[in-house]
Amino acid sequence: MGKTITIDPVTRIEGHAKITLQTDDRGEVVNAQFHVTQFRGFEKFCEGRPFYEMPYLMERICGICPVSHLLASAKACDALLAVRVPPAAMKLRRVLNLAQIIQSHALSFFYLSAPDLLLGMDADPKDRNIFGVHRANPELARGGIRLRQFGQQVIETLAGKRIHPRWVVPGGVNEPLSQANRDAILSAIPEVIDIAFRSLQFFKKNVETFREEIRTFAAFPTLFMGLVTSDGRAGYYDGHIRFTDAHGKIVADGLLPADYPQYLGEAVEPFTFMKFPYYLPLGYPDGIYRVGPLARLNLIDRWETPLAQQEWVEFRALQRNAILSSFHYHYARLIEILYCLEHMREFLEDPDILSTHVRSTASLNNYEGVGAAEAPRGTLIHHYRVDEQGLITWANLIIATNHNNLAMNRGILQAAQHFVRADKLTEGMLNRVEAVIRAFDPCLSCSTHADGHIPLHVQLRAPDGHLLDEVLRPS
Amino acid sequence: MTRTLILACGNPLRGDDAVALHLARQLREELAGPGLTVHTTQQWTPELAEPLSHCELAIFLDASQRFSPGFVHCESVVPLAGASHTLLTHSCSPALLLSMSRQFYNLMPPRAFSITIGAQTFAFSFSLSPLVEKAIPEALARTRSIISGATFAPSVLRALSAQ
């Protein structure tokens with residue numbers, strides 16, 4: 001008779017979740033499930049609210065990436081108004097999105113995953129935090145803090161506050177950028193580019209020590225999805241949807257985000273509150289795909305900023321065709337930080353960004369609107385329907401993390417089958433299974449946060465109920 | 001160099017939790033100048049360790065239900081002892097931030113104080129409860145007093161807090 005091993009909670013991710021591993025009579029892991037144990041209900045309780053409240057309601061979904069929801073929601077509202085956002089406002093929104101990606105990626109890499117990467121997967125859990133990172137590599141730790149601080153400062157400078165800002169409005173933004181603020185952001189960029197570049201070089205120098213993890217952390221063929229521009233660059237703020245396959249071939253291109261029901265299906269499973277989107281033409285679960293940094297780097301044709309372009313070329317040379325290991329989300333995340341900084345500088349150096357024409361106004365012109373943008377973790381879609389008074393009658397949100405749900409579940413199975421020995425559990429085994437999830441940097445709600453010191457109690461029992469092994473991690 | 005850094009923590013939507021933000025607004029208007037920075041935040045986060053590392057005086061303003069409503073509690077803040085700490089990005093503390101400042105940047109403010117106002121409610125509201133509202137002048141006076149250079153031994157601080 002098989003056994004069930006539970007990892008609850010999964011630590012150093014945004015939100016609450018647990019993992020169960022099912023073993024067979026021989027103690028081999030035969031199934032793995034990633035359970036998201038929280039429920040939010042935003043799609044339901046926004047019904048009846050005026051559409052113009054949506055950006056500020058929806059950004060409350062998340063404390064880490066509120067800007068992403070703010071932007072996707074504002075874009076859905078732009079569609080309801082059928083309004084043309086002024087060019088300067090468009091650029092300002094783009095800069096805000098880049099700042100959001102920088103701060104979120106810095107949190108994921110330096111605070112949450114670097115402890116594993118620097119101290120090792122088997123390190124004492126009490127050391128696996130930013131203090132441990134600092135002891136191992138003070139410069140890297142300080143750099144990570146500075147990068148996150150910079151991203152947050154840009155958000156605060158543009159939008160007034162770091163978390164849940166209200167600056168982005170349907171039709172544009174509600175205040176132009178002053179020259180003094182523009183200059184202040186620009187003056188900091190060389191320093192943070194240097195930090196991002198050095199962090200990336202450090203990672204590249206050490207990545208080979210994780211050969212086994214690279215081979216087994218959700219390393220399998222899937223599709224990749226993301227927004228790209230018409231000339232094949234990454235479309236962080238807008239663009240069309242592209243799917244590529246594990247051979248790097250384009251499966252579908254030029255898809256409109258608003259048409260997502262034609263190519264994305266959503267399945268549900270009884271063990272989790274998180275849905276399982278899939279590529280509709282291939283069905284469920286064969287339509288498995290991944291989004292986020294790894295996907296974006298796999299599906300673009302080029303990048304336009306010099307340092308990131310060079311790093312991207314090197315990254316793509318890791319493997320013929322597409323990079324399949326989800327361990328490389330970390331690598332991709334660091335390259336994206338570099339790109340976002342370079343790209344931000346380009347926008348800020350454009351004199352038009354100081355234009356005072358930053359908002360267009362209109363009445364309600366459509367009863368249905370879709371907004372999409374690339375959040376740090378992948379493509380984010382907000383879809384609203386309203387009545388004649390502009391009150392929300394229906395909303396559907398496809399959150400970036402959801403797209404990766406199938407891959408995360410399959411990924412923990414792959415890692416558990418490789419690392420977990422069911423007769424003798426070790427902290428390092430369990431941490432590797434958790435680390436697969438961390439590589440995806442899921443954002444399960446961002447309302448709460450579980451660090452590596454939440455109580456954890458895993459018991460391994462024989463078919464007769466006899467206790468074989470036990471791991472107790474106190475709070 | 002910022003001589004004085006005031007860090008005010010609170011959520012403007014949660015009733016008395018916003019009292020530090022009220023204090024910050026008044027202090028910013030009253031004491032604005034190159035030597036003083038007032039920073040507001042919804043939570044203590046690790047990134048605050050960096051600005052702490054280059055100030056001479058840090059004052060943490062916050063609300064808490066550990067004290068009776070309207071009570072103004074002052075104390076000096078010292079870094080946590082020991083080399084290893086748990087760092088939760090959602091639950092940092094002034095003492096932990098000082099530890100980070102010292103460990104990560106080899107610097108920390110020579111003087112650091114916290115002023116905590118006892119809160120009645122953190123329920124959803126834009127306004128402060130009357131007792132907490134009434135405590136604002138005293139909290140401002142304590143802050144000004146610290147900025148003006150008064151130094152307090154811990155025993156004096158305890159006595160002040162008990163008044």
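The model is predicted, so local features need pLDDT of at least 70 and side-chain atom pairs count only at pLDDT 80 or more, while totals for chains, interfaces and linings use all residues. Residues are numbered from 1 along each chain as its sequence is written, with chains lettered from A and ligands numbered from 1 in the order in which they are written.

- Helix 4 of chain A covers residues 87–119; helices (H or I, at least four residues) and strands (E, at least two) are DSSP runs, numbered from the N terminus.
- Its 33 residues should span 48 Å at 1.5 Å a residue, which agrees with the 46 Å between its end C-alpha atoms; the expected span is 1.5 Å times one less than the number of residues.
- Shortly before the proline Pro115(A), helix 4 has a kink of about 60 degrees at Ser113(A) (the angle between axes fitted to the seven residues ending there and the seven starting there).

**The open sheet**

- Three strands of chain A form an open sheet in the order 13-14-15, with antiparallel pairing (strands pair if DSSP finds at least two bridges between them).
- Strand 13 (368–375) and strand 15 (392–398) are the edge strands, each pairing on one side only.
- Strand 14 (residues 378–386) is joined to strand 15 by six bridges.
- His382(A) stands opposite Leu397(A) in strand 15.
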